[in-house]
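Student: I would like to go through a protein model with you, step by step. Could we put it on screen and talk about what the atoms show?

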Amino acid sequence: SAPTFLSPRPTLSRENSMRKRNVLMEMLPNVPADALELLSALLVFNPKKRLTAEQALNHRYFSMFHNSNFVVTAPTALPFPLNCNIRYSVDEYRDRLFQEAAKV
């Protein structure tokens, strides 16, 4: 007899995205759906498919915090001058990054 054909499977990337979202839902059961969607989009391995910082900040999860009067975009990519082999405290790391960003 003729073979029966199942409905087409979703693409692998779509399956992975759905699986990732389900794993995040299990790990973070009390997190809002839009936050999980944002997190899932930020955890994409391929940087060409990952959200940019600007896209992430424009995501609906941040809509209640967004004020277009205060958005500043750097004219070029910021340098990363910190030595990755040195362990900084969170405060030191933040302060050093802010100091470098202020120079641009």
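Tutor: Let us start with a term: a salt bridge is a side-chain nitrogen of Lys or Arg within 4 Å of a carboxyl oxygen of Asp or Glu. This is a predicted model, where local features need pLDDT of at least 70, side-chain atom pairs count only at pLDDT 80 or more, and totals for chains, interfaces and linings use all residues. Residues are numbered from 1 along each chain as its sequence is written, and side-chain values use heavy atoms, with hydrogens and water left out.

Student: Which secondary structure pattern does the protein chain follow along the sequence?

Tutor: Helices (H or I, at least four residues) and strands (E, at least two) are DSSP runs, numbered from the N terminus. The protein chain comes to 4 helices and 0 strands. Read along the sequence, the pattern is α-α-α-α.

Student: How far apart are N and O in the salt bridge of Glu37 and Arg60?

Tutor: Glu37 sits in helix α2 (residues 33-42), while Arg60 is in the loop between α3 (53-57) and α4 (90-103), so the pair links parts of the chain 23 residues apart. Glu37 counts as partly exposed at 26% relative accessibility, given that buried means under 20% relative accessible area, exposed over 50%, and partly exposed in between (1.4 Å probe, protein chains only). The N to O distance in this salt bridge is 2.9 Å.

Student: Which residues do salt bridges with shared partners join into one network?

Tutor: Asp91 forms a salt bridge with Arg94, with the closest N and O atoms 3.1 Å apart; these two are separated by about one helical turn because they are 3 residues apart in helix α4. Asp95 also bridges to Arg94, its closest N and O atoms being 3.8 Å apart. Asp95 is partly exposed at 37% relative accessibility. Through shared partners, the network joins Asp91, Arg94 and Asp95.

Student: What volume does the largest pocket have?

Tutor: On a 1 Å grid over the protein atoms alone, a pocket is an open set of points where a 1.4 Å probe fits, with protein on both sides within 12 Å along at least five of seven lines; lining residues have an atom within 4 Å of a point. Grid points are joined across faces, edges and corners, and a volume is the space filled by probe spheres set on the points. For the largest pocket, that gives about 570 Å³.

Student: Which residues lie nearest the centre of the largest pocket?

Tutor: The largest share of its lining, 4 residues, comes from α3. Of the 18 lining residues, those nearest the centre are Ala53, Glu54, Leu57, Val72 and Thr73.
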